Amino acid sequence: MKKLIRNKKGVDSFTFLLTIFAILVLGFILVGLTMKYNKLNNTIGEAGSSASSILSAYASADRALLYLDNAVGMSMQSSIYDLAYNGFYLGGAPSKCGLNNNYQRWSEGLPDVDSSEIGLRMCNPLIEKCIPASYDANFKSAFLGRLNGQVSAYNNGSEVNLSGDGYELQLGKTEVLCPDKSMGCGGRNEGPFQLVGKTDKPMNMSSRRVNYTIMPSFRENADVDLAGHFERVTGKAFGLIAALEANPSMSEADITKILADYNKAENDLEWKKENYATDCAPLCDTGESCQVCITCCSEDEGEGGTGGEGGDGTGGGDDGGGESKCSTVCVPGKTAQMYCDYNLALGVKIVADAYKLKGDKKGYVGFVAENGGTPEVKKYEYRFSFNWVELQPSTTCIPIGAGPTCG
Amino acid sequence: MTRKKAQFGLDTLISYFVFAVFLLFTIFALSLSGCGSAKHKAEGKINLDKGRIADLRASEQLSAYFATEIPVKEALYKGIDDTEDMFKLGTDFNKKTVKEFLDTHPEVYVDRNYAEFVNALYAYRADERIKDVFDAVTKALFHRQLYSKSARDLNSGRLDKLYYSPTISVMYGRQIGFYFGSENLISGNPISGAGGVAFRQLPTHDLKGLTVKFEEYADASAEPLP
């Protein structure tokens with residue numbers, strides 16, 4: 001150290017200052033770089049962490065979308081089943097033709113009740129038709145109800161929330177919704193019936209570094225050709241009603257033959273008569289006026305009179321001993337005609353050999369659901385009924401209000 | 001001018017000092033770009049991410065399994081027959097029981113994919129046979145054949161066939177996750193060691209849902225390189 005101090009050569013002051021200056025500058029650069037690195041590290045993270053976060057967000061979305069796709073498929077199954085069960089109407093909302101033992105009526109004879117003065121249906125040989133013109137609205141309503149139930153169950157306790165609302169639904173034959181299957185819109189197995197749900201309501205997932213937004217739209221196919229079956233079943237139903245209108249006295253055997261012909265023509269649908277009932281006792285109001293008369297007889301010493309009734313006011317009397325005085329009492333009435341009321345319930349199942357059980361001749365398409373915790377196999381079946389009447393020749397006169405009385 | 005013998009002066013010291021400072025700054029600059037300790041940090045992070053990446057792989061694989069269509073009866077039954085021969089030591093299912101169940105309940109597999117099949121089995125959860133059915137169908141669908149060649153094997157020079165079946169388990173109800181032993185249905189053996197795990201929830205008709213777990217070994221080829 002002493003040697004250093006005794007060194008008279010000394011240090012160039014410029015060099016010395018330059019050195020100090022350089023050390024300071026480099027120090028600032030180092031601090032600056034370190035701060036920048038720390039900021040970068042805190043923002044983006046360590047190597048690969050951003051990509052990992054993005055992939056994790058994607059996997060989160062995939063979990064929710066997988067659930068949604070399966071919920072849509074399940075809701076479609078149940079909705080198609082319900083719609084078929086209720087003759088393409090919604091359960092609890094029958095057609096204006098009413099129900100016949102839980103079978104939706106697609107036709108009704110003598111629909112008019114209110115205009116009769118004698119409380120009967122008006123005799124009218126024409127059949128009121130209640131075959132649904134379309135199934136879209138009812139299907140959408142049933143489907144969204146079921147989907148919302150599944151979505152609510154999923155959202156309960158999930159960090160990612162699905163929404164069952166805000167979907168614009170398109171449904172129909174796959175070949176119509178997706179005419180060019182090379183675009184990848186054919187759906188799973190190119191099933192015959194397709195449902196497309198589009199939504200503008202985004203699904204958001206956010207983590208520490210990533211905000212991920214997707215639109216949870218869906219496209220699902222069903223293995224039941226609901227659109228095609230609707231056309232075929234309702235088409236044949238119209239034909240059947242026309243035949244009943246032309247020949248209301250068609251026998252049960254005739255109807256069975258018609259259904260057998262339907263089954264021969266179509267291999268994948270099986271028409272079956274579930275119930276056939278006839279009632280030939282009721283009366284209907286022809287609207288024609290008549291009179292209900294009785295004859296009242298009285299005697300000085302004898303019994304009271306007896307009377308008879310008729311459609312045109314004739315009557316008779318009986319002698320009770322002594323002279324009797326008889327008179328006819330009439331009240332206005334309406335002519336009532338007897339008719340036969342027919343009810344025919346039909347079921348149309350979807351045939352598929354893959355579902356055939358041992359010992360059965362045929363298999364029918366279905367799925368398994370639950371009923372109170374017990375598995376229930378539900379076979380798709382389009383159920384509906386027809387009602388028509390056949391007027392009979394015998395008539396009678398029914399008084400409007402109270403009948404005629406003596407005295 | 002004569003030059004005196006060089007002495008170790010202050011300027012020399014400062015020169016050495018400056019040199020050392022530059023050297024130090026150079027080393028700092030290099031460490032920022034990933035040399036030295038930064039490399040260990042990066043490797044450590046990658047090791048941490050290996051687990052997450054394995055989970056993501058498992059997640060994608062499970063999604064693919066769910067979308068797999070169950071084959072028609074003949075092909076499915078053949079698969080079950082073949083699988084029973086493959087997993088001679090590890091097959092717990094009773095083939096006869098499985099076929100009896102499938103014969104009487106075609107609605108669980110006809111025109112269904114794997115997710116729908118699992119869902120349909122859920123409806124029959126009171127029936128003990130579904131454990132065998134789940135195991136058999138899972139193995140029939142997803143078993144893979146591995147090839148190994150070892151001169152020490154009995155058939156030296158010939159390829160030995162090994163089979164691998166994925167480990168898939170199901171627990172009723174919607175869960176975040178579940179451990180081995182608490183599942184209701186399982187096919188395969190639980191993974192020991194490093195592996196990827198994925199969980200997926202599926203809807204059920206009773207709205208209670210179910211959870212499916214898939215495990216697979218973390219493959220070395222899947223590791224990202226630093």
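**Reading the terms of a predicted model**

Me: What is the place of Tyr81(A)?
Reply: Tyr81(A) is in helix 3 (residues 49–85) of chain A; helices (H or I, at least four residues) and strands (E, at least two) are DSSP runs, numbered from the N terminus. The model is predicted, so local features need pLDDT of at least 70 and side-chain atom pairs count only at pLDDT 80 or more, while totals for chains, interfaces and linings use all residues. Residues are numbered from 1 along each chain as its sequence is written, chains are lettered from A and ligands numbered from 1 in the order in which they are written, and side-chain values use heavy atoms, with hydrogens and water left out.

Me: Why is Tyr81(A) called buried?
Reply: Buried means under 20% relative accessible area, exposed over 50%, and partly exposed in between (1.4 Å probe, protein chains only). Tyr81(A) has a relative accessible area of 14% and therefore counts as buried.

Me: Which residues is Tyr81(A) in contact with, leaving aside its neighbours within four places in sequence?
Reply: They are Phe367(A), Lys378(A), Lys379(A) and Tyr380(A), where contact means heavy atoms within 4.5 Å. Tyr81(A) and Leu226(A), 145 residues apart in sequence, are 9.9 Å apart in space, C-alpha to C-alpha.

Me: How many aromatic pairs does the structure hold over all chains?
Reply: There are 29. Rings of Phe, Tyr and Trp (its six-membered ring) pair if their centres lie within 6.5 Å; planes under 30 degrees apart count as stacked, over 60 as edge-to-face and the rest as tilted. Trp271(A) and Phe384(A) form one such pair, with 6.0 Å centre to centre and 80° between the planes, and it is edge-to-face. This pair links distant parts of the chain: Trp271(A) lies in strand 10 (residues 269–279) of chain A and Phe384(A) in strand 15 (residues 381–399) of chain A, 113 residues apart.

Me: What makes Trp271(A) and Phe384(A) buried?
Reply: The relative accessible area of Trp271(A) is 4%, so Trp271(A) is buried. Phe384(A), at 0%, therefore counts as buried as well. Phe384(A) also forms an edge-to-face aromatic pair with Phe386(A), at 5.7 Å centre to centre and 70° between the planes, and Phe386(A) is buried too.

Me: Where does the charged end of Arg383(A) sit?
Reply: The charged end of Arg383(A) sits over the ring of Tyr103(A), 4.0 Å from its centre. A charge sits over a ring if NZ of Lys or CZ of Arg is within 6 Å of the ring centre and within 35 degrees of the ring normal. Lys349(A) lies over the face of Tyr364(A), at 4.9 Å from the ring centre.

Me: What span does helix 4 (residues 136–155) of chain A reach from its first C-alpha to its last?
Reply: Helix 4 has 20 residues and reaches 28 Å, close to the 28 Å expected at 1.5 Å a residue; the expected span is 1.5 Å times one less than the number of residues. Among its buried residues are Phe139(A), Phe143(A) and Leu147(A). Residues three or four places apart point the same way because an α-helix has 3.6 residues a turn. Gly157(A), whose phi is positive, near 95°, follows helix 4.
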